[in-house]
Each structure stands twice: as C-alpha cells, then as structure tokens.
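Biologist: I'm new to this one. Can you walk me through it?
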Amino acid sequence: MGQYKGIIFDLDGTLLDTIGDLTDSVNEVMEKFGFPLHGPEDYKKKVGNGFKKLVERSLPEDARDEKTIDDAVSAFVEAYDRRYLDKTAPYEGILELLAKLCEKGIALGVNSNKRSDYTSALIKKYFSHIPFVDVYGEREGIPKKPDPAGALKLLELMGLEKEEVLYIGDSNTDMLTGKNAGLDTVGVSWGFRGREELEAYGGTFVVDRPEEILGLLERSEQ
C-alpha cells in the first residue's frame, strides 16, 4: 500500500459536533410555525445535504410546499446565525489529530455541504492555526456532495494523486463522495450516522477514535 499524503475532511459530524446548535435552531423554526419538535438523534438523520434539505426533512410531510420550505429556511438561517457557535465544538481528540497530521506534512482540506460562510466562520473559530489548502462549503458553481467536484478541486490544489489522498466523513454522503472521486474513504463512527451506515456504503476503513486515523497512515507507510 502506498503512503497517504493528503486528507479531505467533512466538517459537521467529523471535525465538529454541531448537532446541538442545529437542533436548537430548527426547533425554534418548528415552534414558530406550530409544527412538532425533534430531538438531536432525529436531526442526526436529517443533516448532510445542506440547509434546505435539513429544513424540508424536519417539516411535516403535508407542509412541504415550496413557500413553506422557503419561509422556514429563511427563519432557520436567522435562528442559526444567532447561535451556531453556542454549543458547537471539536470532537475529543480532533485538535490533537490535526496537529499531528500537520507535523507529518499531510496536506489537509475540508469539503462540506454546510453553507460556505458558516463553514469558513467555524474553521476560523476552531481551526485557524491549521493550514488547510482550502475549505469548501456549499457555494455557487460547485455541486453539493455526493458530487465529487469539491473533492476533486481540493485534490488538484494538493497536487497529489488519487491513491495518495483519504476522504474522511461520518455519513453515507461522505462515503459516496469519496468513492465518486476515486479516493479511499474513512468513516468515523463518532459522528451523526454510526458504523453500520458507513460499512453499508463501502467505507474503505471505519474508525471509532481520531487517533486511529494516524494508525492508517502508519500502516500505509509500511
């Protein structure tokens, strides 16, 4: 096996635990519209495909007309803008992992379906000391995951071959994105979906703790 020289990370559920702020923000909208609220475990199954899909999946099925969705998305953005830094934090061991990857000279990038302005703000807040080659959130001109466009752009910026880069995430969307880009994938079971989904969608590796990622690099060097 060749040596991995680059890693592309998902953000929510992989580097950052954002579910508390997302839950509070969507529930504020559901309460405002008079719809049932959901718990964090429910929202873990609804996230991963951008704000509009999150809100749409949270609405009752008989209330998913375009106007209601658009109004609810606007209300969600206003709510999330007030609290997206309240409860969000890096998962245990992530800061140490990133520091060690930097020491090893591993090229790092982020590819998220979260709106680009929030993605950039969160990276600046929690990981400003990490020299990511670039950070991609949802933006015009780049299709959302599982389309591989963002991953392939990051690969190009890294100047590496596909077999030299790992794609790491916590959901079926991430496993499909990595596969669509022709990259080996690592599913992280500490995120929003869990080991069963990651294995079902063909993760090359599945890990339970951030430090295990270092083990994958070490094995690849043998």
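This is a predicted model: local features need pLDDT of at least 70, side-chain atom pairs count only at pLDDT 80 or more; totals for chains, interfaces and linings use all residues.

Biologist: Okay, bridges. In β5, which residue is the bridge partner of arginine 115?
Modeller: Glutamate 138 is the partner of arginine 115 there.

Biologist: And what is the bridge partner of valine 110 in β5?
Modeller: That one is valine 135.

Biologist: How many bridges join β4 to β5 in total, and do the strands run parallel or antiparallel?
Modeller: 3 bridges join them. β4 covers residues 107-115, β5 covers residues 135-138, and the two run parallel.

Biologist: What helix goes with these two strands in a β-α-β unit?
Modeller: Helix α6, residues 116-127. β4, α6 and β5 make a β-α-β unit that is right-handed.

Biologist: Zoom out. What is the strand order in the sheet?
Modeller: The order is β5-β4-β1-β6-β7-β8. That is an open sheet of 6 strands, with parallel pairing.

Biologist: Which strands are at the edges?
Modeller: β5 and β8 (205-207). Each of them pairs on one side only.

Biologist: How much are neighbouring strands turned against each other?
Modeller: By 20° on average, with direction ignored.

Biologist: New topic: holes. How many cavities of 30 Å³ or more does a search of the whole structure find?
Modeller: The search finds 2.

Biologist: How does the lining of the largest cavity split by class?
Modeller: It has 5 nonpolar, 7 polar and 8 charged residues.

Biologist: And the second largest cavity, how much space lies in there?
Modeller: About 60 Å³. The second largest cavity is lined by 13 residues. Nearest its centre lie Asn111, Ser112, Gly137, Ile142 and Pro143.

Biologist: Now pockets. How much space lies in the largest one?
Modeller: About 160 Å³. Its lining consists of Phe51, Lys52, Val73, Val77, Arg115, Glu138, Arg139, Glu140, Ile142 and Lys144.

Biologist: Which elements give two or more residues to that pocket lining?
Modeller: α3 (51-58) and α4 (66-83). Arg115 and Glu138 in the lining are also the bridge partners you asked about.

Biologist: How many of the pocket's lining residues are charged, and how many nonpolar?
Modeller: 6 are charged, 4 are nonpolar and none are polar.

Biologist: Last topic, rings. How many aromatic pairs does a search of the whole structure find?
Modeller: It finds 9.

Biologist: Which residues form the aromatic cluster?
Modeller: Phe51, Phe76, Tyr80, Tyr84 and Tyr118 form one cluster. Phe51 also lines the largest pocket.

Terms used: Residues are numbered from 1 along each chain as its sequence is written. Side-chain values use heavy atoms; hydrogens and water are left out. Rings of Phe, Tyr and Trp (its six-membered ring) pair if their centres lie within 6.5 Å; planes under 30 degrees apart count as stacked, over 60 as edge-to-face and the rest as tilted. On a 1 Å grid over the protein atoms alone, a cavity is a set of points where a 1.4 Å probe fits but cannot get out, and a pocket is an open set with protein on both sides within 12 Å along at least five of seven lines; lining residues have an atom within 4 Å of a point. Grid points are joined across faces, edges and corners, and a volume is the space filled by probe spheres set on the points. Helices (H or I, at least four residues) and strands (E, at least two) are DSSP runs, numbered from the N terminus. Ala, Val, Leu, Ile, Met, Phe, Trp, Tyr, Cys and Pro count as nonpolar, Asp, Glu, Lys and Arg as charged, and the others, Gly among them, as polar. Two strands pair if DSSP finds at least two bridges between them. A crossover is right-handed if, with the strands pointing away from the viewer, the path from the first strand over the helix to the second runs clockwise. Axes are lines fitted to C-alpha atoms, for helices over the stretch in contact, and angles run from 0 to 180 degrees between N-to-C directions.
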